[in-house]
Amino acid sequence: MLKIRPTRRRALAAGFTAAAAILAGALVGPGAATASAASVAATFTASPNGAGTSCTAAAPCSLQTAQQMARQATSTVQGNIAVILDDGTYRLSQTLSFNSANGDSAPSGYTVTYEAAPGAHPVLSGGEQVSGWTATSGGIWEATVPAGTATRQLYVNGVRANVASGSVPTGLTQTATGYTASSTALAGWSDVTGAQFVYNVSWTESMCGIASVSGTTVTMQEPCFQNSTLKGYGVNASTPSYMQNAFELLTQPGQYYLNQSTNTIYYMPREGQNMATADAEIPNLQTLVSGTGTEANPLTGLALQGIAFEYGGWTAPNGPNGYSEIQADLTLNGTDAYANEGTCTRFSTTSPGTCPYGAWDMTPGNVVFDHTSGLAITGSTFEHLGASGLQLGQDVDNSVIQGNEFTDISANGLEVGNGTDADPTDLALLPAGNTISDNWVHNVAVQYTGGVGIFQGYTRNDVIEHNQINDVPYSGISSNWGWGRTATEATGNQITDNLVFDFLQQHIDGGGIYVLGIEGSSMATGLTISGNVVHDAAGSVGHAIYTDGGSEYITMTGNAMYGNNIPSMGGSYEGTGTPFGNFSFTGNYAEDITPDWPAGNPTNATVTNNTQVSSTGVGVPASLLSSAGLESQYASLAAAPSGTAPVNLALGKPVQAQYLDGSTAQLQPNEQVSYATDGNLNTAVQATGQYAWQLVVNLQQSESLGSVTVSMPQNAYATAFHVDASTNDSTWTTEGSVTNSGPGTYPVVFSSPVTAQYLRIVADAPNACCQTGGQMAISEVDAYAPTSTQADLALNQPAQALFIDGTQAVMQANSLPSYAVDGNTSTFSQASQQYRWIQQIDLQQPESLNEITVLQPTSTYATEFHIDVSVDGSDFYTVARSTYSVGGITGIQLATPVQARYIRIVADRPDGGSQTGGQMAISELGVYDL
């Protein structure tokens with residue numbers, strides 16, 4: 001089954017007016033009134049280069065001045081207040097801070113809205129441009145950065161660079177303070193104390209700095225090393241997975257290295273980047289926007305709409321605490337934190353450590369709010385950020401976070417609540433009544449890869465609904481905390497109608513939706529998980545919907561789970577004395593309808609009326625599939641930019657099915673020849689009685705043709721066919737042929753324009769060696785006039801092979817990334833060491849495209865892969881998924897044409913379950929505008 005998922009970005013920002021933003025704010029929080037455009041009492045306009053105090057559309061002021069004007073208005077007017085942001089980048093030298101004590105709250109019952117002007121895309125940037133680049137040896141460029149720069153990110157032309165990384169150049173034996181090396185290689189490195197060891201262990205990733213190297217003695221920074229290696233459970237660091245940030249590791253295009261002692265940054269440009277003219281950005285501000293109040297005087301009625309938040313950083317992991325992860329980007333900090341933080345009585349009753357269990361440090365957000373009421377953030381973008389994206393902290397109530405995009409974020413995409421306030425004396429500390437809906441969260445946790453798309457800590461009556469979460473290294477949505485080791489006041493939360501796919505890309509033991517801890521005091525007050533669709537997990541250990549250790553009081557109903565290659569539902573018992581159970585799993589649609597309990601069965605679990613479905617989702621109600629994820633008014637947020645649809649000259653034209661002698665072929669039951677030109681890939685025509693048959697399409701007049709496409713369904717296809725053309729239905733010329741075909745859509749591009757009224761598709765080989773009749777079915781024949789872009793757009797274009805984390809892939813012997821587009825079917829591109837890898841092609845300019853072909857050797861192929869596209873090389877959209885490849889050519893026609901410059905083929909499954917690395921090989925990748 002070929003599943004096509006067209007996708008797109010940031011289209012909402014321009015679609016909201018001031019009135020719409022005010023209405024959005026009016027929906028949140030008690031006392032807020034509905035409003036109309038006429039009810040805006042005061043409007044102030046800002047621009048990046050604004051000046052003066054007029055703050056009008058004709059004479060805009062600075063953002064800071066506009067904020068001061070709005071503050072004055074909150075005390076003098078009774079009505080809605082709008083601050084309009086003109087297009088452009090607002091470079092922030094300090095945090096844009098909203099505080100109830102400073103007058104940033106709206107008048108009672110109204111809103112203060114900061115929003116994009118119609119058609120504008122304002123950016124609040126914490127970035128600083130790096131200029132003065134000079135070329136050095138080995139293709140490396142360098143530039144001087146301000147003294148004290150400690151950035152952990154660099155972006156070039158809006159694309160994140162990778163910190164220089166690679167294998168440790170010596171063997172290591174762990175000691176109490178670090179390692180004994182097998183050679184003195186590290187001692188000779190130029191800036192070894194600026195480097196870090198990185199440890200990928202199960203669901204966690206930790207990073208610790210090197211304090212010193214003397215001969216073969218490697219001393220690690222403390223307390224990071226002890227906190228990472230002495231935790232009381234089985235995710236301790238040992239031998240590093242790799243190391244990062246050293247000049248000696250700077251060997252691949254797209255990598256950078258920062259030498260803090262010399263205030264110099266080094267970068268090896270990607271193909272096509274000119275550092276003399278490139279926009280190179282480093283973050284110089286951690287908190288771009290903050291909002292706060294007090295419990296008695298919360299920040300009320302603030303709305304942010306249509307704004308991009310970009311280039312915020314976070315440098316704490318450079319320090320002695322490093323980055324010692326527990327889970328979901330919560331970390332240990334401070335001396336002996338491994339023994340004293342969050343352990344309660346789990347490991348010792350005589351020395352229990354600090355309670356409550358789960359008292360660890362959140363990775364901060366680059367946009368942060370606490371003690372607010374009625375906050376609304378809509379139609380905005382959180383991108384190119386070095387911490388977490390948005391953090392809603394203590395006492396954030398009745399917020400609406402809707403219609404936003406979260407992408408290219410180092411840590412968690414969005415955080416609500418924390419891992420500390422499990423059972424506070426003051427319940428007002430817990431976020432409550434918030435709605436997180438219709439957001440697109442993708443490609444987050446790109447640097448701190450144990451992170452998740454949406455993190456929900458201890459909250460009350462929050463709703464997470466209709467979000468799309470995809471391409472995340474660990475879990476999609478993570479709810480609650482604490483492993484059930486302490487009482488919790490979390491209650492009444494709902495996770496409903498979300499779409500989660502391509503999760504567990506780098507780590508294990510997580511889920512599309514992951515639950516960890518007590519969710520209420522009864523089934524009536526517990527967590528509801530319903531209407532979600534979770535598919536195509538990338539990992540091999542975990543659960544699609546995972547009720548992990550200490551989970552209790554969870555109702556899971558009406559969800560769909562398929563294509564995950566892991567158990568659909570279940571969880572792991574945390575141990576004696578820990579609650580685990582009170583589950584109701586009913587009415588779900590899953591590949592595995594029997595829950596998986598690897599460490600012991602839960603108590604009081606009801607598992608009934610669940611329906612088994614196929615790995616491709618056959619059996620899931622269409623209404624459930626269509627309802628999950630972004631609602632229709634937000635669907636454009638995750639849709640790739642539209643291309644131009646070509647005119648199909650065969651659509652609706654007369655068709656004949658013939659045996660090879662020209663006689664009329666008998667059809668399979670309930671089929672019609674018209675199905676081949678009805679524009680519907682879900683219908684097909686297939687002859688019976690003889691394998692060898694042909695389909696003739698009458699275009700009804702002579703047409704100049706440049707190409708045709710032939711689509712065949714998964715269950716019946718020709719492994720080889722050819723295409724003939726004629727002007728009179730009697731004299732035929734063969735214009736093209738396809739071999740090694742399977743199900744899908746195949747382009748046949750003519751070597752030169754052909755004039756024809758009739759087209760004939762002729763079966764040359766069946767779909768299996770031993771079948772003898774009726775194998776080829778044709779679901780659609782399309783015909784197109786000649787165009788200048790009809791040839792393969794990918795041929796001889798720049799190519800990259802990447803691991804799933806975006807770093808350069810190590811290639812198999814005698815393999816190069818360029819072999820995927822060299823026009824030679826005997827060569828191939830194939831990564832080594834890791835199975836999951838990406839073949840990326842740069843078309844060098846945006847092109848409209850609607851057809852992609854992937855030729856894989858029949859001995860080395862991915863049975864499943866998906867296709868992503870991008871215009872800018874940063875934001876990628878999944879536009880198609882293939883689940884049936886058997887090697888040879890896989891042809892994929894997109895549901896709608898898209899505009900793209902970059903094309904990615906991402907391996908999802910190997911050709912054999914026992915293989916462990918580098919299985920997918922690509923002989924040729926074709927990209928067409930047909």
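A disulfide is a pair of cysteine sulfur atoms within 2.5 Å. In the predicted model described here, Cys 208 and Cys 224 meet this criterion, with an S to S distance of 2.1 Å. The link of Cys 208 and Cys 224 is left-handed, with -80° about the S-S bond. Cys 208 belongs to strand S18 (residues 204-214) and Cys 224 to helix H3 (residues 224-229), so this pair ties together parts that lie 16 residues apart in sequence.

How many disulfides does a search of the whole structure find? The search finds two, and the other bond joins Cys 55 to Cys 61, again with an S to S distance of 2.1 Å. Here the torsion about the S-S bond is about 110°, so the disulfide of Cys 55 and Cys 61 is right-handed. Cys 55 and Cys 61 are both buried.

Attention now turns to the aromatic side chains. The count comes to 27 aromatic pairs. Tyr 514 and Tyr 546 are both buried.

A stacked arrangement is found for Phe 583 and Trp 597, with 5.9 Å centre to centre and 15° between the planes. Phe 583 sits in strand S55 (residues 581-586), while Trp 597 is in the loop between strand S56 (589-590) and strand S57 (603-608); the pair thus links distant parts of the chain, 14 residues apart. Is Trp 597 buried or exposed? With a relative accessible area of 17%, Trp 597 is buried, because the cut-off for burial is under 20%. Phe 583 is buried as well, at 1%. Phe 583 and Trp 597 also take part in a cluster in which ring pairs link them with Tyr 573, Phe 580 and Phe 585.

The charged end of Arg 760 sits over the ring of Trp 732, at 4.3 Å from its centre. In another such contact, the ring of Phe 876 has the charged end of Arg 904 over it, 3.9 Å from the ring centre.

Ten strands form an open sheet with parallel pairing, in the order S5-S24-S31-S35-S39-S42-S45-S48-S51-S54. Strand S5 (96-99) and strand S54 (569-570) stand at the edges and each has a single partner strand, so one side of each is left without a neighbour in the sheet. Within the sheet, strand S24 (residues 289-292) and strand S31 (residues 365-369) run parallel and are joined by three bridges. Which residue of S31 is the bridge partner of Ser 290? The partner is Val 368.

Definitions and conventions: Residues are numbered from 1 along each chain as its sequence is written. This is a predicted model: local features need pLDDT of at least 70, side-chain atom pairs count only at pLDDT 80 or more; totals for chains, interfaces and linings use all residues. Side-chain values use heavy atoms; hydrogens and water are left out. Buried means under 20% relative accessible area, exposed over 50%, partly exposed in between (1.4 Å probe, protein chains only). Helices (H or I, at least four residues) and strands (E, at least two) are DSSP runs, numbered from the N terminus. Rings of Phe, Tyr and Trp (its six-membered ring) pair if their centres lie within 6.5 Å; planes under 30 degrees apart count as stacked, over 60 as edge-to-face and the rest as tilted. A charge sits over a ring if NZ of Lys or CZ of Arg is within 6 Å of the ring centre and within 35 degrees of the ring normal. Two strands pair if DSSP finds at least two bridges between them.
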